[in-house]
Amino acid sequence: MITFIVSLLALVLGYFLYGRFVEKVFGPDDRVTPAVAKADNVDFIVLPGWKVFMIQFLNIAGTGPIFGAIMGAKFGPAAYLWIVLGCIFAGAVHDYLTGMLSMRNGGAGQPELVGIYLGDTTKKVMLVFSVFLLMMVGAVFVYSPALILGKICGDDLMWVYIWCIIIFAYYIIATMLPIDKIIGKVYPLFAVSMLFMAAALMAVLFIKWPALPELYDGLSGEGFITPIFPALFITIACGAISGFHATQSPLMARCIKHEKMGRPLFYGAMITEGLVALIWATVSMYFFYGGAAQELGQPLTLQAPEVVTAVSEGWLGTFGGLLAMLGVVAAPITSGDTALRSARLIIAEFVHLEQKSIMKRIWICIPLFGATFLLLYFNISDPDGFNIIWSYFGWANQTLAVFTLWAITVYLVREQKAYWITLLPAIFMTVVCSTFIIISKNAFGLDMMIGYGVGGAALIVSIAWFFAWKSKIKSIK
């Protein structure tokens with residue numbers, strides 16, 4: 001529990017100290033924000049700060065900081081280190097600067113931002129890449145909650161199909177309607193429930209005070225998954241850094257009244273997600289390695305959603321079971337609809353189609369939802385469909401973060417600001433993703449040593465490329 005407490009304090013201090021430093025580097029001012037300048041009462045609309053925070057938190061969180069932390073806990077105490085350092089120095093910086101740059105560029109989406117700083121070709125690649133990623137999120141987050149709800153209704157598979165239709169219909173409505181009609185009203189309630197569940201579980205941890213693996217015992221050890229690199233940094237994404245967030249921050253960048261609200265709403269939301277991930281990582285270490293599974297009468301082979309249900313019901317009773325249901329059902333649904341909303345706006349931005357008119361929203365949504373439905377069909381028809389789509393999402397998600405970090409780094413260099421705050425995480429995540437893609441069975445599937453070799457080469461090439469580019473920029477000036 002010592003490592004857990006120190007990690008909690010580190011995240012809070014990270015917000016007040018490093019978060020303030022990053023804010024100072026960017027330099028928010030009093031200029032008019034897109035929410036005011038481009039108000040259309042659909043996507044560009046001023047919302048109260050507390051509501052923006054809750055929506056941003058739920059948008060970037062979903063089940064990510066829960067499921068990712070549960071799976072990441074199997075790597076041992078190294079998970080604590082990655083959640084804390086990744087969240088403070090990479091994820092929160094990534095989310096804050098993406099949101100702020102979006103505001104500075106009229107509410108631009110992730111592909112547009114990448115295009116501004118990395119060029120038009122990269123922009124087109126990111127358009128296809130990000131839209132496909134968002135459709136994968138939409139498809140996966142229809143089927144997984146539909147399975148759970150279907151089982152509650154009965155053993156007939158028809159119930160699963162019925163829930164798929166209901167959830168998909170909700171996606172269409174939520175994606176089409178103004179952001180304050182459904183998302184602005186429902187999301188804050190779900191966000192509060194997720195935070196309450198995390199706080200309640202933390203209270204139980206302090207009451208029980210279990211003996212857990214500590215960081216000073218070693219990063220990993222017997223019984224933990226090895227090797228740590230690069231899989232840990234792909235497994236725990238939303239609790240540390242996630243490229244998906246770069247598609248979500250612009251949604252709220254279109255709803256913020258003042259730039260100076262950015263640090264609590266973007267950086268703060270990510271730190272909050274890190275706290276949730278930290279709590280669930282600790283709960284999971286207690287479950288898998290501290291005896292909680294035996295106390296609850298559960299096998300150690302439970303999957304992440306089953307761990308959530310078992311722990312919540314076992315420790316928090318009926319109310320905990322309800323919160324767990326919200327976590328494994330409502331959270332993925334809310335991630336799915338905002339993913340598809342982001343996809344609609346990204347496509348609209350690329351083809352220069354305003355979205356105030358409902359007919360123009362429909363023109364984009366028809367092909368978007370048609371393609372998503374095909375992915376959903378594959379998810380359902382193939383017995384391993386969910387695992388295949390999710391495995392591709394894992395590395396694609398972090399690859400998106402790589403491009404976003406490099407784009408922000410270019411911006412900081414051009415503005416003569418402290419570019420190292422994104423350069424270092426950009427280089428690190430470049431190495432992580434290049435290594436993982438080489439060794440992943442769903443990519444090249446090559447030997448681990450080949451992956452390490454490619455990762456090392458990516459390290460050298462990325463550093464050399466950056467400083468060669470920076471020297472060229474300096475000589476031009």
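Visitor: Where do lysine 124 and aspartate 120 lie, and how many residues apart are they?

Guide: An α-helix has 3.6 residues a turn, so residues three or four places apart point the same way. Here, lysine 124 and aspartate 120 both sit in helix 8 (residues 120-153), four residues apart, about one turn of the helix. Helices here are DSSP runs of H or I with at least four residues, strands are runs of E with at least two, and numbering starts at the N terminus. Keep in mind that this is a predicted model: local features need pLDDT of at least 70 and side-chain atom pairs pLDDT 80 or more, while totals for chains, interfaces and linings use all residues. Residues are numbered from 1 along each chain as its sequence is written, and side-chain values use heavy atoms, with hydrogens and water left out.

Visitor: What do the side chains of lysine 124 and aspartate 120 meet in?

Guide: A salt bridge, meaning a side-chain nitrogen of Lys or Arg within 4 Å of a carboxyl oxygen of Asp or Glu. For lysine 124 and aspartate 120, the N to O distance is 3.4 Å. Lysine 124 is partly exposed at 42% relative accessible area, and aspartate 120 is partly exposed at 43%. The cut-offs are under 20% for buried, over 50% for exposed and partly exposed in between, using a 1.4 Å probe and protein chains only.

Visitor: How many salt bridges does a search of the whole structure find?

Guide: Eleven. One of them pairs arginine 31 with glutamate 259, at 3.8 Å from N to O. That pair links distant parts of the chain, 228 residues apart: arginine 31 is in the loop between helix 2 (18-26) and helix 3 (34-37), and glutamate 259 is in the loop between helix 12 (245-253) and helix 13 (262-289).

Visitor: Is glutamate 259 buried or exposed?

Guide: Buried, because its relative accessibility is 2%. Arginine 31, by contrast, counts as partly exposed at 42%. Glutamate 259 also forms a salt bridge with arginine 104, with the closest N and O atoms 2.7 Å apart. Arginine 104 belongs to helix 6 (residues 78-104), 155 residues from glutamate 259, and is partly exposed at 23%.

Visitor: Which residues do salt bridges that share partners join into one network?

Guide: Asp29, Arg31, Arg104 and Glu259.

Visitor: What about helix 12: how many of its residues are buried?

Guide: Nine of the nine, so helix 12 is largely enclosed by the rest of the structure. Among them are His245, Gln248, Pro250 and Met252.

Visitor: Now zoom out. How many helices and strands does the protein have?

Guide: There are 19 helices and zero strands.

Visitor: Which residues does tyrosine 392 touch?

Guide: Contact means heavy atoms within 4.5 Å. Leaving out residues up to four places away in sequence, tyrosine 392 touches Met136 and Asn442. Tyrosine 392 lies in helix 17 (residues 385-414) and counts as partly exposed at 33% relative accessibility.
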